[in-house]
Amino acid sequence: MSDHSFTSNSRVAVVGLGKIGLPLAAQYASRGLTVIGADTDPAVVNTVNRGLSHVGGEPGLDDLVRDAVTAGRLRATVDTTAATRDADVIVVIVPVKVYEDGRVDFSSIDHVTAEVGRGLRPGVLVIYETTLPVGTTRNRLARELAEASGLAAGRDFAVAFSPERVYSGRVFRDLRRYPKIVGGIDAASGCAAEAFYRVALEFDAELPEPRVWVVGTVEAAEFTKLVETTYRDVNIALANQFARFADAWQIDVDEVVSAANSQPFSHVHRPGVGVGGHCIPVYPLFLLNDDRAGESQSLARMARLENDDMADYGVQRIDRALGGLAGQSVLILGYSYRENVREDYLSTTKRLVPALSERGARVLVHDPHYSAAELIERGVAPYDLTRPEPVDGIVLQALHREYRDLDFRMFPRCRVVLDGRNAIDPATVESAGLAYIGIGRGNGSNHPRLRGSL
Ligand SMILES: NC(=O)c1ccc[n+]([C@@H]2O[C@H](COP(=O)([O-])OP(=O)(O)OC[C@H]3O[C@@H](n4cnc5c(N)ncnc54)[C@H](O)[C@@H]3O)[C@@H](O)[C@H]2O)c1
């Protein structure tokens, strides 16, 4: 295979123009590269081709997309194979999710890979940025590319994995601040990916080398992302167990975690009412489903159970606070899995709703990122904050910026707020005459408006 060198004349196909793929496409175009974005959603493709971004809440993205399209450096298509045919580098960033039983659903990435394979030319580089189970790039996707193209992986084309480590809502900042981890199916593939990212990304001056960090194998690069995310899941589970202990002792866990973390070996995360989204609750399962994992991953398994149980824990607390939930109305603030995004995959609200309903509560949901009709489509009853109807309790599930200055006096009849993210100042709730319960904040039990004890 010929040596890879990339210049601003190189052409890149980005497959999957979602919350991460579109910012990546815009970033590469901002470096002078010619970018073709491929996405199965015609609405996404049309929006991008008009110079607009369909992704909200990503600082800098609107301007970069507009400038790139105007300059002719970014266009989009629904035809992944055609995009691949025109490219020197193909970056794949479509989600891989799990079935309800936790098994990995490869259907989307297999489909994309077959389409890329059909357009593959000798000498190109394919990089997977989608988080994958260890071994997937080499043993599954590189083989599928070879089969679809009739070319040999490694000899005729390069294949690498590079975990995407950014956080949506601050993608461009994170791209500049974190080293780009890369692993190839062979040394030449790793070098090719390194050369590409040195052209396509720009890093903060203070970030030490290696800014593009080539690890020994493609499997090491895949595992790196699973280590980061599983670490977070296990750490949050530990914080949640500390929160339960703190509640039992009427201690504020947040105060304790801050105090403990003042010692440099301690990095305890914050507790909460659940862990959602398509990253943290999903990627530990990639490890747990690995035949080679055995009992070596039992901590990750326990963490998953603990974090999934937190919604029920929160509901138990509000149940006790209200002296039973039968016939009570409870409003959940936040359908998205976290603040300031429109993304509800494995959202904790989907655990809270049945847990509350099973205890007889009437559940209402509000989220500024979803219309009433969209919430109804998703099987939940919408709540209109502009015309607040009486509710007995509130659960804050995601602190969208619209909730930051909420005046809790606006909720007629309401007696208690469960702050599932320990994100509200208890004083703002209590000064409105409502009781405040956090997760592990050991408070609320003596509030005069509560019938039961916590
Ligand atoms: N969202 C995050 O915060 C985040 C952070 C780090 C890494 N990641 C990684 O990025 C991946 C993508 O995340 P996202 O948030 O951009 O997802 P997303 O759901 O916002 O976007 C995915 C896009 O891919 C398109 N798509 C789906 N199937 C396709 C196909 N067969 N061909 C072409 N396009 C297709 C969809 O139409 C959509 O526009 C994740 O699975 C994860 O591995 C995400």
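Student: Okay, where is Asp67 found?

Tutor: Asp67 is in helix H3, which covers residues 61-70. Keep in mind as we go that this is a predicted model.

Student: Is Asp67 buried, partly exposed or exposed?

Tutor: Its relative accessibility is 39%, so Asp67 counts as partly exposed, a class that lies between 20% and 50%.

Student: And how far is Asp67 from Ala26?

Tutor: Their C-alpha atoms are separated by 8.9 Å, while along the chain Asp67 and Ala26 are 41 residues apart.

Student: What's the C-alpha separation between Ala220 and Phe161?

Tutor: The separation is 9.3 Å, for two residues that are 59 apart along the chain.

Student: Let me zoom out. How many helices and strands are in the chain?

Tutor: You can count 15 helices and 16 strands. The radius of gyration is 24 Å, close to the 22 Å from the globule rule for 454 residues, so the chain is as compact as a globular protein of that length.

Student: What size of box do the C-alpha atoms fill?

Tutor: Taken along the principal axes, the box is roughly 75 × 50 × 40 Å.

Student: And what share of the residues is buried?

Tutor: Of the 454 residues, 55% count as buried. As for the surface, the chain exposes about 19200 Å², and carbon and sulfur atoms supply 52% of that area.

Student: What about charges? How many positive and negative side chains are there?

Tutor: There are 50 positive and 59 negative ones, and the centres of these two sets lie 1 Å apart.

Student: Now the inside. Which residues touch the most other members of the largest nonpolar core?

Tutor: That core has 44 residues, and the ones touching the most other members are Val12, Tyr28, Val35, Leu74, Leu125 and Phe196. Helix H1, residues 21-30, gives the most to this core, with six residues. Apart from it lies another core, made of 43 residues, including Val15, Ile36, Val116 and Leu151.

Student: Let's pick Tyr28. What is it in contact with, leaving aside neighbours within four places in sequence?

Tutor: Among its contacts of that kind are Val12, Val35, Glu129, Phe196 and Leu201.

Student: Do residues from distant parts of the sequence make up much of the contacts, or what share is it?

Tutor: If you take contacts with a separation of 6 or more, residues 24 or more positions apart account for 70% of them.

Student: Okay, glycine time. Where is Gly190, and is it buried or exposed?

Tutor: Gly190 is in helix H8, residues 187-200. It is buried, with a relative accessible area of 2%. Setting aside neighbours within four places in sequence, Gly190 is in contact with Val182, Gly184 and Val214.

Student: What about Val104? Which strand holds it?

Tutor: Val104 is in strand S6, residues 104-105. At 15% relative accessibility it counts as buried, and the residues it touches beyond four places away in sequence include Tyr99, Pro133 and Phe286. The C-alpha atoms of Val104 and Thr7 are separated by 37 Å, and those two are 97 residues apart along the chain.

Student: Last topic: the backbone. Which form does the peptide bond from Glu209 to Pro210 take, cis or trans?

Tutor: That bond is cis, with omega near 0°. Pro210 is found in the loop between H8 and strand S10.

Student: And what is the phi of Gln250?

Tutor: It is positive, about 55°, although Gln250 is not a glycine. Gln250 is in the loop between helices H9 and H10, and it is partly exposed at 40% relative accessible area.

Student: And what is phi for Arg413?

Tutor: Phi of Arg413 is near 75°, again a positive value in a residue other than glycine. Arg413 is in the loop between strands S14 and S15, and it is partly exposed, with a relative accessible area of 47%.

Methods. Residues are numbered from 1 along each chain as its sequence is written. This is a predicted model: local features need pLDDT of at least 70, side-chain atom pairs count only at pLDDT 80 or more; totals for chains, interfaces and linings use all residues. Side-chain values use heavy atoms; hydrogens and water are left out. A nonpolar core is a set of buried Ala, Val, Leu, Ile, Met, Phe, Trp, Tyr and Cys residues joined through side-chain atoms within 4.5 Å. Buried means under 20% relative accessible area, exposed over 50%, partly exposed in between (1.4 Å probe, protein chains only). Helices (H or I, at least four residues) and strands (E, at least two) are DSSP runs, numbered from the N terminus. Contact means heavy atoms within 4.5 Å. The radius of gyration is taken over C-alpha atoms; the globule rule is 2.2 Å times the number of residues to the power 0.38. Accessible areas come from the Shrake-Rupley method with a 1.4 Å probe; for residues, only the protein chains shown count as cover. Lys and Arg count as positive and Asp and Glu as negative; His and the chain ends are not counted. The place of a charge is taken as NZ of Lys, CZ of Arg, CG of Asp or CD of Glu.
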